[in-house]
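I set out to record, entry by entry, what I looked up in this model. The sequence and structure are placed here for reference.

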Amino acid sequence: MQAQEQLYTVKEVAEILKTGVNYVYKLKNAGLLRFLVIGRLKCRKSELERFLSEYEGYDITDPFNIKPIDKEGTYETEENAHNN
């Protein structure tokens, strides 16, 4: 018998990501983080790990406008682009 994979609620995902539940819903609605429904929305641990790995190095503050983070830990904004 295989070990059961851990499932997280939206609230638990928010706690892990240190965000609010509304942001987790934004990630879901943007298609960045997949859920399944078993009574309520649940996210597999492996899906959360995939999400974190795939978007490492990106600013996903706005899940609908993802930006790469440069080596200094900032992202290129229109203002920064005009100054270069």
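**Entry 1: the chain as a whole.** I note at the outset that I am working from a predicted model. I looked up the secondary structure and found 4 helices and 5 strands in the protein chain. Reading along the sequence, I wrote down the order as β-α-α-β-β-α-β-β-α. I then turned to burial: the protein chain has 84 residues, and 25% of them count as buried. The accessible surface amounts to about 6500 Å², with 48% of that area belonging to carbon and sulfur atoms. For contacts between residues at least 6 apart in sequence, I recorded that 41% join residues at least 24 apart.

**Entry 2: strand pairing.** I asked which way strand 2 and strand 3 run where bridges join them. Strand 2, residues 36-38, runs antiparallel to strand 3, and 3 bridges join the two. In this pairing Ile38 stands opposite Arg40 of strand 3. The two strands form a hairpin with 1 residue between them. I checked the turn and found that Gly39 has a positive phi of about 80°. On strand 1 I found a pairing with strand 3 that is also antiparallel, over 3 bridges. Here Leu7 is the residue opposite Arg44 in strand 3.

**Entry 3: helix 3.** Which residues of helix 3 are buried? I listed Glu47, Leu48 and Phe51 for this helix, which spans residues 45-54. These residues lie on the same side of helix 3, because they cover an arc of only 100° around the axis. I next looked up what covers them, and the cover includes strand 1 (7-9), helix 1 (10-17), helix 2 (21-29) and strand 3.

**Entry 4: Lys42.** I located Lys42 in strand 3, which comprises residues 40-44. I asked how far Lys42 is from the nearest side chain of opposite charge. That side chain belongs to Glu12, and the distance is 7.9 Å. Since a salt bridge requires the charged atoms to be within 4 Å, I recorded no salt bridge for Lys42, although the residue is buried. I then looked up its contacts, leaving aside neighbours within four places in sequence. Lys42 is in contact with Leu7, Tyr8, Thr9, Phe35 and Leu36.

Methods
Residues numbered from 1 in each chain as written. Predicted model: local features only at pLDDT ≥ 70, side-chain atom pairs only at ≥ 80, totals over all residues. Heavy atoms only, no water. Buried < 20%, exposed > 50% of the residue type's maximum accessible area, 1.4 Å probe, protein only. Lys, Arg positive; Asp, Glu negative; His and termini not counted. Contact = heavy atoms within 4.5 Å. Areas by Shrake-Rupley, 256 points an atom, 1.4 Å probe, with all protein chains shown as cover. Arc of directions from axis to C-beta. Pairing = 2+ DSSP bridges.
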